[in-house]
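Q: I want to learn to read strands, sheets, cores and ring contacts from a model. Can we work through one case together?

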Amino acid sequence: MPPLAPSIIYFDSVGSTNTEASRRAMQGAPEGLCVVADEQTAGRGRLERHWLSPKGAGLYLSVVLRPQLAPNSLPLVTLMSSLAVRDALKASSNFTPDIKWPNDVMANEKKLCGILAEAIETASGRAVVVGIGINLKKGSFPEELAAVATSVEDVTGQPPARDRVLESLMHELSRRYDQLQSLEGEEKIVADWCAASSYANGRCVRIANERETFEGITRGLESDGALRVEAASGDLRIVRAGDVTAVRPNNSP
Ligand code: BT5
């Protein structure tokens, strides 16, 4: 597998970097194409939710990937991206964030970064567009989200230089993507994700998805990245979609 060779296109303002990168992937863009914007006017989360992306406040980017993975392994692309963001912030901003299933990077139990991986069929085969939004500065989100959102500046006291974080992120993303597609790479991504996330094992959580809401205790991941949760009844539930909220904060050091 040749290493990912990122080529970056910058925009001052765009609706959504995921929409722009998907459009280019449909036109045949090779993997490694990365769309970065200073602001997004229609940044997207999962399930038609919005991602607030004020000008100059965060890092908003989308990368085109063309992974050679079985369809049921595609959720691992989101998990490897969370690991890459974590590693990149560790290297560029001197702190180690937490990661939460399925698509969040967290600090102090608040959301610092969201990831949106979308699979699309293109004339040159399946592509996955990985969108990453990282709150760099305090003004990255409105006051209404202050109870659940945070930024690198909130955590470290200093707004990081966007391009330093971007450079570090492209490096870590290439490394993790390579790892994911190597021999036993899927197992390694799952193991590294579990080791890096305080949510992986033994956390009391509430799971909410389109079908139901229930509480339980996390019991690690399946090999395809699904979350195992032991429900109050004792049944082991396998969760493939939804939102996870901690029922109690993490008290471990
Ligand atoms: C996500 O969705 O977390 C995926 C976010 C992906 C954003 C990137 S930015 C570059 C690329 N281009 C795009 O258009 N998208 C990607 P989800 O788990 O559904 O979370 C969405 C929820 O997060 C919203 O409903 C809000 O509650 C909250 N939210 C919105 N903006 C936020 C922000 N800046 N910081 C923290 N939380 C936010």
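Q: What do β8 and β9 form, and how many residues are between them?
A: First, the terms. Helices (H or I, at least four residues) and strands (E, at least two) are DSSP runs, numbered from the N terminus. Two strands pair if DSSP finds at least two bridges between them. Here β8 and β9 form a hairpin, with 4 residues between them. β8 and β9 (residues 213-221) pair in the antiparallel sense over 6 bridges. Within that pairing, cysteine 204 stands opposite isoleucine 217 in β9.

Q: Before going on, what kind of model is this, and how are residues numbered?
A: It is a predicted model, where local features need pLDDT of at least 70 and side-chain atom pairs count only at pLDDT 80 or more, while totals for chains, interfaces and linings use all residues. Residues are numbered from 1 along each chain as its sequence is written, and side-chain values use heavy atoms, with hydrogens and water left out.

Q: Which strand does β9 pair with over 4 bridges?
A: That strand is β10 (residues 227-231), and the pairing is antiparallel. Isoleucine 217 has glutamate 230 as its bridge partner in β10. β9 and β10 also form a hairpin, with 5 residues between them. Glycine 225 in the turn has a positive phi of about 95°.

Q: What is the strand order in the open sheet of 5 strands?
A: The order is β11-β10-β9-β8-β12, with antiparallel pairing. β11 (236-239) and β12 (243-246) each have a single partner strand, so one side of each is left without a neighbour in the sheet. The twist averages 45° from one strand to the next. For such angles, axes are lines fitted to C-alpha atoms, for helices over the stretch in contact, and angles run from 0 to 180 degrees between N-to-C directions. At the β12 side, 4 bridges join β8 (residues 201-208) to β12. There, isoleucine 207 stands opposite valine 244.

Q: What is the order in the open sheet of 7 strands, and what is its pairing?
A: The order is β1-β2-β3-β7-β6-β5-β4, and the pairing is mixed. β1 (7-14) and β4 (98-100) are the edge strands, each pairing on one side only. Neighbouring strands are turned by 20° against each other on average, direction ignored. α2 packs on the sheet, touching β3, β4, β5 (104-107), β6 (110-122) and β7. The direction of α2 makes about 140° with that of β6.

Q: How many bridges join β3 to β2, and how many join β3 to β7?
A: 4 bridges join β2 (residues 33-40) to β3, antiparallel. 8 bridges join β3 to β7 (residues 125-135), also antiparallel. On the β7 side, valine 63 has valine 130.

Q: Which residues of β3 are on one side, and which on the other?
A: In a regular strand the side chains alternate between the two faces of the sheet. In β3, Gly58, Tyr60, Ser62 and Val64 are on one side. Leu59, Leu61, Val63 and Leu65 are on the other. Both faces are covered: 8 of the 8 residues in β3 (residues 58-65) are buried. Buried means under 20% relative accessible area, exposed over 50%, partly exposed in between (1.4 Å probe, protein chains only).

Q: Is threonine 17 buried or exposed?
A: Buried, with a relative accessible area of 3%. Threonine 17 lies in helix α1 (residues 17-26). Contact means heavy atoms within 4.5 Å. Not counting residues up to four places away in sequence, threonine 17 touches Val35, Val36, Ala37, Gln40, Tyr60, Leu61 and Ser62.

Q: Which residues in the largest nonpolar core touch the most other members?
A: In soluble globular proteins, nonpolar side chains tend to be buried together. A nonpolar core is a set of buried Ala, Val, Leu, Ile, Met, Phe, Trp, Tyr and Cys residues joined through side-chain atoms within 4.5 Å. Of the 55 residues in the largest one, Leu59, Leu61, Val85, Ile132, Ile134 and Leu169 touch the most other members. Its largest share, 9 residues, comes from helix α2 (residues 75-93). Another core, of 9 residues, lies apart from it, including Ala21, Val64, Ile120 and Ala127.

Q: Which residues lie over the face of tyrosine 199?
A: A charge sits over a ring if NZ of Lys or CZ of Arg is within 6 Å of the ring centre and within 35 degrees of the ring normal. Lysine 100 lies over tyrosine 199 at 5.9 Å from the ring centre. Arginine 203 lies over the face of tyrosine 199 at 4.3 Å.
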